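Colleague: I have not looked at this one before. Can you walk me through it?

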Amino acid sequence: PICLFAYGQTGSGKSYCIMGEKDAPGMVPRFTKELYDRIEQRTAAEHNLLFKVQVSFYEIYNEKIFDLLASTKAKSRTQLRVREHPIMGPYVEDLAMYVANSYSDIEHWLNLGNRFRATAATGMNDKSSRSHAVFTILLTQTLISGEEEHSKVSRINLIDLAGSERSTVSQTCGDRLKEGASINRSLHTLGK
């Protein structure tokens with residue numbers, strides 16, 4: 001698997017770098033646009049080559065995992081669990097995967113997921129990410145040779161980590177303070 005992490009203090013521009021905005025796309029939109037451009041080039045040159053792109057998008061909020069694409073109502077979110085597969089390693093049980101046939105499909109899934117992501121205002125940022133977000137691309141490349149098919153699968157994780165923060169600087173209390181503690185605890189664990 002390939003993983004790209006955006007890490008830094010709250011308000012430092014991690015989400016902007018990873019997701020961007022409509023007029024200034026971030027790493028994920030630019031990467032996926034390039035991915036589809038290359039798929040188009042490869043399939044035009046090699047007619048016996050097929051590609052399938054699947055995506056998932058989840059957040060880790062207060063140490064709980066939620067699928068950002070499975071529900072259209074934020075209030076009906078179901079907490080998911082991490083499991084361990086003996087060969088494939090850790091995975092999120094019951095995480096929805098969707099086929100993305102084009103870059104516009106990716107844009108749709110990113111917009112939907114980002115709409116449901118936990119954010120709140122703090123003393124350092126008007127729209128602070130209160131969760132870690134993981135956008136995963138599962139890319140399957142299949143070469144058809146006569147009667148045989150040979151497939152390669154790549155897993156690409158693009159991760160927007162919530163920012164580390166000090167409660168005195170970010171001026172948090174109540175739920176924001178609890179969120180900040182969970183964010184800092186998970187970032188500390190990641191750094192081990």
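Modeller: What follows goes from confidence to strand pairing, then the core and the aromatic pairs.

Colleague: What is the average pLDDT of the protein?

Modeller: This is a predicted model, and the protein averages a pLDDT of 80. Of the residues, 72% score at least 70.

Colleague: Which elements have the lowest and the highest mean pLDDT?

Modeller: The lowest mean, 49, belongs to helix α4, residues 167-170. The highest, 96, belongs to strand β6, residues 98-99.

Colleague: On to the strands. How many bridges join β2 to β9?

Modeller: Twelve, and the two strands run antiparallel. V53 has L139 in β9 as its bridge partner.

Colleague: And how many join β2 to β6?

Modeller: Two bridges, again with the strands antiparallel. There, Q54 is partnered with V99 in β6.

Colleague: What about β2 and β3, how do they run?

Modeller: Antiparallel, joined by four bridges. I60 stands opposite I65 in β3. The two strands form a hairpin with two residues between them.

Colleague: Which residue in that turn has a positive phi?

Modeller: N62, with a phi of about 50°. E63 also has a positive phi, about 65°, although it is not a glycine. N62 is in the loop between β2 and β3, and E63 is placed in that loop too.

Colleague: Why point that out?

Modeller: Most residues other than glycine have a negative phi.

Colleague: Now the inside. Which residues touch the most other members of the largest nonpolar core?

Modeller: V53, V55, F57, I106, F135 and I137, out of 25 residues in that core. The elements giving two or more residues to this core are α2 (27-45), β2 (49-61), α3 (103-116), β9 (132-145) and β10 (148-160).

Colleague: Which element gives the most?

Modeller: Helix α3, with six residues.

Colleague: Pick V55. What is it in contact with, beyond its neighbours within four places in sequence?

Modeller: V55 is in contact with A96, M97, Y98, A100, I106, W109, F135, T136 and I137.

Colleague: Which residues are in the other core?

Modeller: That core has eight residues and lies apart from the largest one; among them are Y58, I65, L80 and I159.

Colleague: Last topic, aromatics. How many pairs are there?

Modeller: The count comes to two aromatic pairs. In one of them, F57 and F135 are edge-to-face, 5.3 Å centre to centre with 90° between the planes. This pair links distant parts of the chain, F57 in strand β2 and F135 in strand β9, 78 residues apart.

Colleague: Are F57 and F135 buried or exposed?

Modeller: F57 is buried, with a relative accessible area of 0%. F135 is buried as well, with a relative accessible area of 0%.

Colleague: Why is the pair of Y98 and W109 stacked?

Modeller: The ring planes of Y98 and W109 are at 25°, and planes under 30 degrees apart count as stacked. The ring centres are 4.2 Å apart. Y98 is in strand β6 and W109 in helix α3, eleven residues apart.

Key:
Residues are numbered from 1 along each chain as its sequence is written. This is a predicted model: local features need pLDDT of at least 70, side-chain atom pairs count only at pLDDT 80 or more; totals for chains, interfaces and linings use all residues. Side-chain values use heavy atoms; hydrogens and water are left out. A nonpolar core is a set of buried Ala, Val, Leu, Ile, Met, Phe, Trp, Tyr and Cys residues joined through side-chain atoms within 4.5 Å. Buried means under 20% relative accessible area, exposed over 50%, partly exposed in between (1.4 Å probe, protein chains only). Contact means heavy atoms within 4.5 Å. pLDDT is the predictor's confidence in each residue, from 0 to 100. Two strands pair if DSSP finds at least two bridges between them. Rings of Phe, Tyr and Trp (its six-membered ring) pair if their centres lie within 6.5 Å; planes under 30 degrees apart count as stacked, over 60 as edge-to-face and the rest as tilted.
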